[in-house]
Amino acid sequence: MNTTRRTVLKGATASTVLAGLIAAGALRPTQVFASDWNKAAFEAKDTATALKGIGASAPAESKDVVVKVPDIAENGAVVPVDVVSNIPGTTSIAILIDKNPTALSGNFTFANGALPEISARIKMGQTSLVRAVVKAGDKYYVAQKEVKVTVGGCGG
Amino acid sequence: MADPMKIRAQMKGDVAEIRILMSHAMETGQRKDAAGANVPAHFIQTITVDVGGKRVIDGQTGTSISRNPVFGFKMKGAKAGDKVVVNWVDNKGEKRTDEAAVA
């Protein structure tokens, strides 16, 4: 058997695959990667710093932002949150939990027909206000609701 | 490599409802294991949703999203058959991309 031929063939296949991967990798970053993770905002210990981190230092209270959370959460590890913004021109919604070790939970930007609403499940260390901060145009709006977290699953 | 996501995208009238279930430990970095050692933080940092080739959701998340995160989004302008591509990247650089079609 001609071993040289085998080796050359194998080598050719491997490098073709590699080239394919590189091409895929080179094409991907622009399509797939989201904007850079906002480290300052997400590692902020309190709401005020986190708000500053996302550029929303003084959001105005608004009844057009609807925060749907349970009044009492028996399991702080999984708390369902629904946020709907009825403010025209809403481009992003951020969810913050005042008394968590890091306040900011998520920040979502909407485009290309996405409706300004989101549902997610969050972790809560203790009873706290849950805030939704909405960006519409250059302005920020906020609404909040308290969730009581029952530690240990009974009483409270 | 993380397990695949479960993506469901359904038309309800002219609105497409997209629900995503991701499989991820979402460690906060505050938990201690049985031996008392800190479990290092490991959590999803960015999430993107593209429908029909257009970026619809660009999200960033912190440690306080629940384990095995579930997200729900809605959008207008989608139609049955449109491709939904969801992508996440975590703080260790692990990533996952999954696809579904609008039904």
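In these legends two strands are said to pair if DSSP finds at least two bridges between them, where the strands themselves are DSSP runs (E, at least two residues) and helices likewise (H or I, at least four residues), numbered from the N terminus. The structure is a predicted model, in which local features need pLDDT of at least 70 and side-chain atom pairs count only at pLDDT 80 or more, while totals for chains, interfaces and linings use all residues. Residues are numbered from 1 along each chain as its sequence is written, and chains are lettered from A and ligands numbered from 1 in the order in which they are written.

**View 1. Chain B as a whole is built from seven strands and zero helices.**
Read along the sequence, chain B follows the pattern β-β-β-β-β-β-β, and its C-alpha atoms fill a box of roughly 50 × 20 × 20 Å along the principal axes. Of the 103 residues in chain B, 40% are buried, a residue being called buried if 20 or more other C-beta atoms, placed from the backbone, lie within 10 Å of its own, exposed if 12 or fewer do, and partly exposed in between. Among the contacts in chain B with a separation of 6 or more, 52% join residues 24 or more positions apart; here two residues are in contact if their C-beta atoms, placed from the backbone, lie within 7 Å. The mean pLDDT of chain B is 93, and 99% of its residues reach 70 or more, pLDDT being the predictor's confidence in each residue, from 0 to 100. For the complex, the predictor gives an ipTM of 0.92 and a pTM of 0.82.

**View 2. Strand S3 (residues 44-51) of chain B is mostly covered, with eight of its eight residues buried.**
S3(B) is joined by seven bridges to strand S6 (residues 83-90) of chain B, and these two run antiparallel; within that pairing, Ile47(B) has Trp88(B) as its bridge partner. S3(B) also pairs with S4(B), in the antiparallel sense and over six bridges, where Val49(B) has Ile57(B) as its bridge partner. In the hairpin that S3(B) and S4(B) make, two residues lie between the strands, and Gly52(B) takes a positive phi near 55°.

**View 3. The contact between the chains takes 31 residues from chain A and 31 residues from chain B.**
On the side of chain A that touches chain B, strand S6 (104-110) and strand S7 (114-122) of chain A each supply at least two residues, and the largest share, eight residues, comes from S7(A). By class, that side of chain A has 17 nonpolar, 11 polar and three charged residues, with Ala, Val, Leu, Ile, Met, Phe, Trp, Tyr, Cys and Pro counted as nonpolar, Asp, Glu, Lys and Arg as charged, and the others, Gly among them, as polar. Across the contact, five bridges join S6(A) to strand S4 (residues 54-61) of chain B, with the two strands running antiparallel; one of the partners is Thr109(A), which is bridged to Asp58(B).

**View 4. Six strands drawn from both chains form an open sheet in the order S2(A)-S4(A)-S7(A)-S5(B)-S2(B)-S1(B), with antiparallel pairing.**
Strand S2 (65-68) of chain A and strand S1 (6-12) of chain B stand at the edges, each with a single partner strand, so one side of each is left without a neighbour in the sheet. From one strand to the next the twist averages 15°, the axes being lines fitted to C-alpha atoms (for helices over the stretch in contact) and the angles running from 0 to 180 degrees between N-to-C directions. The chains meet in this sheet where S7(A) and strand S5 (residues 70-76) of chain B pair in the antiparallel sense over four bridges, and there Ile118(A) stands opposite Phe73(B).

Leaving aside neighbours within four places in sequence, the residues in contact with Val133(A) include Leu51(A), Pro59(A), Leu96(A), Tyr140(A) and Val142(A).

**View 5. S9(A) pairs with strand S8 (residues 128-136) of chain A in the antiparallel sense over nine bridges.**
Ala136(A) has Lys139(A) as its bridge partner in S9(A), and the hairpin of S8(A) and S9(A) has two residues between the strands, with Gly137(A) in the turn at a positive phi of about 65°. Strand S1 (residues 60-61) of chain A runs parallel to S9(A) and is joined to it by two bridges, Glu61(A) being partnered with Val142(A). Strand S3 (residues 72-73) of chain A pairs with S9(A) in the parallel sense over two bridges, and Ala73(A) stands opposite Val149(A).
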